[in-house]
Amino acid sequence: MRTGAWMSLIASFFIIGGAGIAAWAVRSEVPKQLTGAPMLAISDDSRSKGSKTLKDIIFETQKLVVMIETENGTQGSGFLYNEQGDLITNAHVVAGAQDVKIKTADARELEGEVIGISTETDVAVVRVPGLAGLEPLELVRDQKAEVGDDVLAVGSPLGFQNTVTTGIISGLGRSFEIEPYKYSDLYQISAPIAPGNSGGPLVDQASGAVLGINSAGIEQGSIGFSIPIVNIIEMAEEWSKQPMAELPALSFTDDSDLMPEKASMEEYAEYLVTHFYDSLNNADYVYAYSLLGGNWKEGTSYEKFREGYIPTRNVVIDDMIVKTSDTDEATVTAIISVDERVDGKYVLSKYQVTYRVGYENDILKLLSGKGKVIG
């Protein structure tokens with residue numbers, strides 16, 4: 001072999017060897033010099049903590065809010081606050097009960113046990129072994145909300161599980177008494193509290209953290225009251241560490257005007273239709289579909305139902321009229337405005353929709369519906 005060829009071969013070995021050494025250095029030495037987290041991870045973490053949309057917060061909260069039901073039929077809400085499977089709720093929701101039924105957002109039915117309940121403050125803790133290990137909701141432990149803060153009230157008003165109502169903190173330091181409980185230093189909120197909302201979380205719209213426990217509402221007007229979580233968290237955590245050996249006997253009366261009375265069929269029907277459109281606006285098509293009656297579902301698959309509503313957004317109910325009959329049914333006629341996507345652009349349309357509302361297996365459903373364009 002000629003000298004020139006040998007020199008080229010030797011040079012190639014040096015180049016290959018140098019590249020190998022450089023690669024080894026990059027793989028073994030450079031990581032040692034990197035002390036921070038990957039930039040992608042930082043970016044994702046920052047986005048997840050600081051840029052959650054309202055829909056993200058609603059979705060994450062709803063998964064950890066449950067419906068609670070006692071043997072005597074009392075119904076309310078609760079939310080997961082630790083990894084032991086413990087729920088915070090109102091004492092009046094579980095008063096007189098030790099074992100309760102729990103229904104989760106994904107329709108599981110679990111068993112719960114009351115492990116702590118106050119005789120003065122309307123707060124209780126329920127342990128649900130089936131929820132142990134789940135990451136709980138974040139709590140605001142060290143500060144209180146201020147007037148004007150945007151909030152969400154999540155619960156099961158009138159039996160409609162995982163309903164979300166929006167509002168603001170409209171007052172601070174409210175106090176009153178509903179025997180045997182004394183309510184003091186409450187948040188007053190513009191989000192209405194209906195039967196079944198009690199025990200659900202009051203959530204900060206900006207962060208998704210729990211500010212309080214929704215506890216009472218005034219029937220006249222959209223006003224609710226919530227116990228600040230910072231006021232009761234130590235009590236709840238003490239029960240979780242050391243459950244009560246014996247629960248106190250409680251006699252609860254709901255004669256106060258602050259406790260909502262049983263709703264009429266007109267109110268139930270109006271609430272169901274409003275709730276249906278709220279679910280569509282939140283893109284929760286699965287839940288909206290679950291509000292339909294069996295006969296309606298037989299003629300409309302979920303895929304077809306969802307496909308029909310995907311091009312729409314921002315449904316607003318402009319007017320609503322409810323008529324009832326002697327058969328425990330109601331007819332709801334509403335005028336709605338909706339943004340519809342047509343040829344790649346959103347256009348405003350108006351519809352007149354009519355729903356027949358009634359009970360199916362003791363659950364209120366939209367039995368049938370029809371609509372027509374009016375503008």
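Mentor: Gladly! One term before we start: two strands pair if DSSP finds at least two bridges between them. Keep in mind, too, that this is a predicted model.

Trainee: Thanks! How many bridges join strand 3 to strand 6?

Mentor: Strand 3 covers residues 86–89, and strand 6 covers residues 124–127. The two run antiparallel. Pairing needs at least two bridges, and the number joining strand 3 to strand 6 is 4.

Trainee: Which residue in strand 6 does Asp-86 stand opposite?

Mentor: Asp-86 belongs to the stretch 86–89 that makes up strand 3. Look across to strand 6, and the residue opposite Asp-86 is Arg-127.

Trainee: What is the bridge partner of Ile-117 in strand 6?

Mentor: Strand 5, residues 109–117, is joined to strand 6 by 4 bridges, and these strands run antiparallel. A hairpin through 6 residues connects strand 5 to strand 6. In strand 6, Ile-117 has as its bridge partner Ala-124.

Trainee: Nice. In what order do the strands of the closed barrel run?

Mentor: The barrel has 6 strands with antiparallel pairing. Its neighbouring strands are turned against each other by 40 degrees on average, direction ignored.

Trainee: Which strand gives the largest share of the negative patch?

Mentor: The negative surface patch is formed by Glu-69, Glu-71, Asp-99, Glu-109, Glu-111 and Glu-113. Glu-113, for one, is found in strand 5. The largest share is 3 residues, and it comes from strand 5.

Trainee: On to the open sheet: which strands stand at its edges?

Mentor: The open sheet has 4 strands in the order 13-14-15-16, paired antiparallel. On average, neighbouring strands here are turned by 25 degrees against each other, direction ignored.

Trainee: Last one: what is the bridge partner of Ala-334 in strand 15?

Mentor: Strand 14 spans residues 329–342 and strand 15 spans residues 345–360. They pair in the antiparallel sense over 14 bridges. In strand 15, the partner of Ala-334 is Val-353.

Notes
Residues are numbered from 1 along each chain as its sequence is written. This is a predicted model: local features need pLDDT of at least 70, side-chain atom pairs count only at pLDDT 80 or more; totals for chains, interfaces and linings use all residues. Side-chain values use heavy atoms; hydrogens and water are left out. Axes are lines fitted to C-alpha atoms, for helices over the stretch in contact, and angles run from 0 to 180 degrees between N-to-C directions. Patches are made of residues with over 30% relative accessible area and no salt bridge: like charges are joined within 9 Å, nonpolar side chains (Val, Leu, Ile, Met, Phe, Trp, Tyr) within 5 Å. Accessible areas come from the Shrake-Rupley method with a 1.4 Å probe; for residues, only the protein chains shown count as cover. A salt bridge is a side-chain nitrogen of Lys or Arg within 4 Å of a carboxyl oxygen of Asp or Glu. Lys and Arg count as positive and Asp and Glu as negative; His and the chain ends are not counted. The place of a charge is taken as NZ of Lys, CZ of Arg, CG of Asp or CD of Glu.
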